[in-house]
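Please consult the sequence and the structure shown below while reading.

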Amino acid sequence: MVELKYFKTDELTCQHCGAVGINPDFIKKIDDLRDSLGFPFKISSAYRCPQHPIEMKKNSVGAHQRGRAIDIKVHGDQAIKLIEAGIAAGMKGIGVSQKGNVSTRFIHLDDLTNEEKSPRPWIWSY
């Protein structure tokens with residue numbers, strides 16, 4: 001694991017099995033993004049193993065399973081700042097969940113490319 005300023009390994013592991021699988025280059029970009037924005041990132045999901053219940057429902061390997069995605073609990077103006085900075089930092093997949101209870105809102109960021117069988121750049125809502 002690469003040296004990170006803001007995140008600990010246990011925040012980035014699979015919540016299903018505890019496996020470490022986050023891509024070091026990807027998480028370094030997220031750590032740098034956190035540094036530039038100057039507000040804390042509460043992670044709701046990072047790496048997911050192939051047996052993670054969410055991954056099991058998918059027809060193909062997702063960005064989280066590849067270790068190239070993170071969901072950050074954020075809302076309001078911080079969500080907008082995160083999206084803008086994420087795009088500037090090269091994030092190609094942006095998922096927006098901003099409905100309902102504030103505590104469940106998040107932004108998904110990933111850096112997948114079209115070569116990885118996911119249409120990118122892409123933005124979606126949950």
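**Largest pocket**

The largest pocket has a volume of about 360 Å³. Of its 21 lining residues, K58, G62, A63, S118 and R120 are the closest to the centre. The model is predicted: local features need pLDDT of at least 70 and side-chain atom pairs pLDDT 80 or more, while totals for chains, interfaces and linings use all residues. Residues are numbered from 1 along each chain as its sequence is written, and side-chain values use heavy atoms, with hydrogens and water left out.

- A pocket is an open set of points on a 1 Å grid over the protein atoms alone, where a 1.4 Å probe fits, with protein on both sides within 12 Å along at least five of seven lines; lining residues have an atom within 4 Å of a point.
- The volume is the space filled by probe spheres set on the points.
- Strand β4 (residues 106-110) supplies three residues, the largest share of the lining; strands are DSSP runs of E, at least two residues, and helices are runs of H or I, at least four.
- By class, the lining has seven nonpolar, six polar and eight charged residues, with Asp, Glu, Lys and Arg counted as charged, Ala, Val, Leu, Ile, Met, Phe, Trp, Tyr, Cys and Pro as nonpolar, and the others, Gly among them, as polar.

**Sheet and helix**

- Five strands form an open sheet in the order β1-β2-β4-β3-β5, with mixed pairing; strands pair if DSSP finds at least two bridges between them.
- The edge strands, β1 (42-45) and β5 (122-125), each pair on one side only.
- Strand β3 (residues 93-97) pairs with β4 in the antiparallel sense over five bridges, and G95 stands opposite H108 in β4.
- Helix α4 (residues 76-88) packs on the sheet and touches β2 (69-73), β3 and β4; contact means heavy atoms within 4.5 Å.

**Cis peptide bond**

- R120 and P121 are joined by a cis peptide bond, with omega about 0 degrees.
- P121 lies in the loop between β4 and β5.
- Most peptide bonds are trans.

Notes:
Axes fitted to C-alpha atoms, helices over the stretch in contact; angles between N-to-C directions.
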